[in-house]
There are 2 protein chains.
Amino acid sequence: MQINGQNYRSVWFEDGRLKIIDQNKIPFEFEIREYGNYMEVVQAIKDMTVRGAPAIGAAGAFGLALAALYAPEEKFRSYLRSARDELILSRPTAVDLSIGVNYVYESTLKFIPDIEHARQVAVLAANEFANKSEADCLQIGNIGAELIEPGSRILTHCNAGALATVDHGTALSVIRQAHKQGKNIFVYVDETRPRFQGALLTAFELEQEGIPHAIITDSAAGFYFQKKEIDIVITGADRICLNGDIANKIGTYEKAVMAWVHKVPFYIAAPRSTFDFSCAKGEDIPIEVRSEDEIKIIGDTYVANPSSTALNPAFDITPAHYISGIITPKGVFTASEAALKVQL
Amino acid sequence: MQINGQNYRSVWFEDGRLKIIDQNKIPFEFEIREYGNYMEVVQAIKDMTVRGAPAIGAAGAFGLALAALYAPEEKFRSYLRSARDELILSRPTAVDLSIGVNYVYESTLKFIPDIEHARQVAVLAANEFANKSEADCLQIGNIGAELIEPGSRILTHCNAGALATVDHGTALSVIRQAHKQGKNIFVYVDETRPRFQGALLTAFELEQEGIPHAIITDSAAGFYFQKKEIDIVITGADRICLNGDIANKIGTYEKAVMAWVHKVPFYIAAPRSTFDFSCAKGEDIPIEVRSEDEIKIIGDTYVANPSSTALNPAFDITPAHYISGIITPKGVFTASEAALKVQL
C-alpha cells in the first residue's frame, strides 16, 4: 500500500525484528512499531495495534518466528509451545491467527534438534505465510476488478483494506486494482459505527492511493441507493460458512438488504482463511457483544444519555441469498458453492 | 413531558418572552433559554437549540409574536414581513415552521392599523397555535397506542419526542401512551448519526418517563430485525406529501426498507402541520445538506480521516408504499389517503 508515497506492508520482518504499522494511530500519525520478542506481539494483537484477520495471522506467524529466533537453546521446544499458545489466545476468534501461528510452529518443529536450522526455517516459514497471504489479496483484487464497470460508484463498509491484511486488502484490493486500471471509480465509505474503521482507516487508505471517495454515515447509504448512485457493494468478511452465510462488521446485513431491494450487486471479498469449514450456517456463528462505552463515549465526549443502556453487537450475519458472489483468490463463486470451490 | 419529575413544554411564552429548553444541552444539562426578539429565535432554530418540526413551528410562531410585540410602530408591516421571511428561511425542510409563522402573520395583519391590538393578537395566535399543536400530539398518542400490542419491542429513529414538539411528541407520544397504559413495551433507540438525537434526546426522554429502552448504532437495527426482536417501527416525519411519501431524518428510509423486508409494520406519527399540500411527491422535497464536520468531528475528536470529504444529507425520503400507516390526530390512515383525510 502507498503511505506518504512509499510502499508498505502492514506487517513485515526486518533485521530480526517484526515491524507493524500502528493502526491505533492511523490516520493521525504514521508510526511503525518494532518487536523483538513474541510477548510484545501478543500485546500488540490484544491492544489492536494490528487488526484485521489476515494481518493478525501474519503478525502471529512472525511472532512465533521471533520466539524461535530468540528461544533459549536448552528449552527450545517448550518455549516455542508456550509462544504458540499465548499467540493464539491473544485473539481467540480470529481463525487466521491460529493458521499462521501453527504453520510456523509445525514447520519449525521438523528441524529439531538442529536448532539453528529450525530458527532459520521459522523465519522463512513466517515470510512464506505472509507472502502467500499478500499474493492471495492481490489475486482477489485482480479477479474482483473484472466485476467493476468503468465509472462505478462503489459502497464499502468497515475496513477490508491493506491495513487489515498483509497488503492490498480484500474489498479494498478490488477497489485498488479497479482504480489502477483507470476505471474512474468513486467510493462511498460507511463510517462504520461504533469504532469508525471506515471513516478512519478506509478513507485514509483511499486518500493515500488517490482514489476519489466520500465518507457517509452508515444509514445514509439508503439515500444514495434510492438515488441510484451506488452501482455495487463490496465488503470483506470475518467468517464464511459452508452454506455461504457470512459474518462481518455490524451493519453489513443492512447494506446487503438495501442492495438486494435496489437490485445492486453485493459482493464479499475474502481469502481462503476466512472460510470456516466447521461452520454449517450463519446461525452457528457466535456474535461478540462489546462494551456499551464504544457507543456512548467518543474521546472524552458522551454522545448518549449516560444512564441509558446501549447494546453493542460487533458483527451481524448476512445470509447467502443476499450475496451476489464471493471474490476469492481462486475466482468469483456464488456464496453457496464458494466453500467447496476454494478447497479445490 | 417529565423532566426531573416536573412537567414542561419544549417551548412556551411567558412575561413577553419566549422560553425554550436548550436541546443542545440535553441530556447533560437542563437549561431554559429566553428570547426577547425574533432574530435570536432565528439563530436558535439555526443552531438547533430548538429542533423537531412541531417544536420549530411553535418557536417560529412565538418568534413572529415577538416581532409583532416589539416592532417599531412606524414600520410595523415591513418589520413583520422581514421577520416572517427570516424565520421561515431558518430551516428549509420543516414545513411546520412556515405554517406556524404564517398563521401568526396572517392573524396579526388583520388588525392593522390598530397596532396595539395586532400585537396582542400575535401573542394570542402563537399561543393558540402551540396549544393546538400540543393537543394534536396527545391525540396522536392516544390513537397510536391502540396499534401497540402488549409486550411490543418498538424501534424508533431520531427524536420524535416531546422535545421535538410542544409536548408529548409524535412517535414518542404513541410510546408514552402505550407505556402509561401498562403495555410493557421496550424501545430500541437508533443513536441517529451524525447528531445523535436518538442516543441523546430520545433516550433521555424515555429514561425520564421510566420507559425500558436501549440505544443501538443505526445499522445494528438489522441485527435485531433478523432476530425478530423488533415488532413495530414508529418514527416522526419532517414533511408528508400528497401521495404519502415522507421526508424524515437521514436513515429513516433504511429502517422502512428493513421493516418491509422483515414484514414488520412501519408507522409514521405526525400532526396535520407536517402535511405539505403543495408537495405532490417525495422527489419534490429539497434535501438539506449539512456540514461535513458533523460527521468528521465529535467534541474535539476527529472520528474520520481529516482530509477526506464527507457527505451529510440531513434527510431522506421514504416512499408511501413502505409505510403501513400514518398516525394523525384524526386517525390512522394509509399513507396515500392520509393527506386527504387530515384535511376533512
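How many cavities of 30 Å³ or more does a search of the whole structure find? The search turns up two. Before looking inside them, a word on ground rules: this is a predicted model, where local features need pLDDT of at least 70, side-chain atom pairs count only at pLDDT 80 or more, and totals for chains, interfaces and linings use all residues. Residues are numbered from 1 along each chain as its sequence is written, chains are lettered from A and ligands numbered from 1 in the order in which they are written, and side-chain values use heavy atoms, with hydrogens and water left out.

A cavity here is a set of points, on a 1 Å grid over the protein atoms alone, where a 1.4 Å probe fits but cannot get out; a pocket is an open set with protein on both sides within 12 Å along at least five of seven lines, and lining residues have an atom within 4 Å of a point. Grid points are joined across faces, edges and corners, and a volume is the space filled by probe spheres set on the points.

Start with the largest cavity, at about 230 Å³. Its lining has 25 residues, and Arg51(B), Gly52(B), Ala53(B), Asn159(B) and Asp238(B) are the ones nearest its centre. Two elements of chain B, α2 (53-70) and β11 (246-249), each give two or more residues to this lining, and α2(B) gives the most, with three. (Helices are DSSP runs of H or I with at least four residues, strands are runs of E with at least two, and both are numbered from the N terminus.) Both domain 1 (2-138) and domain 2 (147-343) of chain B give residues to the lining, so the largest cavity lies between them; the domain bounds come from an automatic or database domain assignment. By type, the lining splits into 13 nonpolar, eight polar and four charged residues, counting Ala, Val, Leu, Ile, Met, Phe, Trp, Tyr, Cys and Pro as nonpolar, Asp, Glu, Lys and Arg as charged, and the others, Gly among them, as polar.

The second largest cavity has a volume of about 60 Å³. Among the residues that line it are Met48(B), Arg91(B), Pro194(B), Lys249(B) and Glu294(B). This lining divides into four nonpolar, two polar and five charged residues.

Pro194(B) sits in the loop between β7 (186-190) and α7 (197-208) of chain B. Over in chain A, the peptide bond from Arg193(A) to Pro194(A) is also cis, with omega near 5 degrees.

Now for the largest pocket, with a volume of about 730 Å³. It is lined by 44 residues, and Ala53(A), Arg91(A), Asp238(A), Lys249(A) and Phe315(A) lie nearest its centre. In chain A, α2 (53-70), α4 (95-109) and β11 (246-249) are the elements giving two or more residues to this lining. Domain 1 (2-138) and domain 2 (147-343) of chain A each supply at least three. The lining comprises 21 nonpolar, twelve polar and eleven charged residues.

Look for Cys158(A) in the loop between β6 (153-156) and α6 (171-180) of chain A.
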